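Let's walk through this structure together, one piece at a time. Keep the model open beside you and follow along as we go.

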Amino acid sequence: MKTQTSPVYHVKAVPVEKVRANDYNPNSVAPPEMKLLELSIWEDGFTMPCVCYYNAQDDMYELVDGFHRYKVMKTSERIFKRENGLLPVVVIEKDLSNRMASTIRHNRARGSHNIKLMTEIIADLTKAGMSDRWIMKNIGMDRDELLRLKQITGLAELFADKEFSIPED
């Protein structure tokens, strides 16, 4: 039996130029909290690595979690200089739908995020063939929240070929 270790035991120092944001992160941080994050990283250093998916074809790391830490590295000259332009990352191997789910789980565990982007993610996951049950389980939503987000999109196709009810947990 193979024992899998958590990604955090394999932190890499990656040049920030080899890291890029994903296009599906619905989390946002207000300017005062961004200043606080920059101060925190300056005073305490990076205490959590960014979570990335490695795209071998492009030889790039795509963020799954840690966009704002990445943004601080790119915008704070003093932190960039101190860290020699290296961002601490851990790598996960997941397909796009599961990376999206990971991003949402990380975000929801910390706070709030943008409803418009959340509805787009729900639409993308539904179009990718993920079931309502899969979405509820992997993103941590209850059936009412999922139904509301699907209704907000106004896209009838999200309800196509399905009964008009989202399954109970």
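Predicted model: local features only at pLDDT ≥ 70, side-chain atom pairs only at ≥ 80, totals over all residues.

Start with S3 and strand S4 (residues 60–65), which pair in the antiparallel sense over 5 bridges.

Residues are numbered from 1 along each chain as its sequence is written, and side-chain values use heavy atoms, with hydrogens and water left out.

Now look at what else S3 does. Strand S3 (residues 50–55) also pairs with strand S5 (residues 86–91), this time in the parallel sense, over 3 bridges. Here Cys50 has Val89 in S5 as its bridge partner. Strands of a sheet pair through backbone hydrogen bonds, either parallel or antiparallel.

Let's step back to the protein chain as a whole. It has 7 helices and 5 strands, and reading along the sequence gives the pattern β-β-α-β-β-α-α-β-α-α-α-α. Of its 169 residues, 40% count as buried, where buried means under 20% relative accessible area, exposed means over 50%, and partly exposed lies in between (1.4 Å probe, protein chains only). The accessible surface of the protein chain comes to about 10,200 Å², and carbon and sulfur atoms hold 53% of that; such areas come from the Shrake-Rupley method with a 1.4 Å probe, and for residues only the protein chains shown count as cover. As for contacts (heavy atoms within 4.5 Å), residues 24 or more positions apart account for 73% of those with a separation of 6 or more.

What about the inside? In soluble globular proteins, nonpolar side chains tend to be buried together. The largest nonpolar core has 20 residues, and Ile122, Leu125, Ile135, Ile139 and Met141 are those with the most contacts inside it. Helix H4 (96–110), helix H5 (115–127), helix H6 (132–139) and helix H7 (143–153) each supply at least two residues of this core. A nonpolar core is a set of buried Ala, Val, Leu, Ile, Met, Phe, Trp, Tyr and Cys residues joined through side-chain atoms within 4.5 Å. If you click on Ile122 and set aside its neighbours within four places in sequence, you'll find it in contact with Ile135, Ile139, Met141, Leu146, Leu149 and Lys150. There's a second, separate core of 16 residues too, with Val14, Ile41, Ile79 and Leu87 among them.

Lys150 brings us to charges. Its side chain meets that of Asp132 in a salt bridge (2.5 Å, N to O), which here is a side-chain nitrogen of Lys or Arg within 4 Å of a carboxyl oxygen of Asp or Glu. This pair links distant parts of the chain, with Lys150 in helix H7 and Asp132 in helix H6, 18 residues apart. Are these two residues buried or exposed? Lys150 is buried, at a relative accessible area of 1%, and Asp132 is buried as well, at 8%.

The structure holds 7 salt bridges. Another one joins the side chains of Arg20 and Asp58 (3.0 Å, N to O). Arg20 sits in strand S2 and Asp58 in the loop between S3 and S4, 38 residues apart. Arg20 is partly exposed, with a relative accessible area of 25%, and Asp58 is partly exposed at 37%.

Definitions and conventions. Pairing = 2+ DSSP bridges. Helix = DSSP H or I, 4+ residues; strand = E, 2+ residues; numbered from the N terminus.
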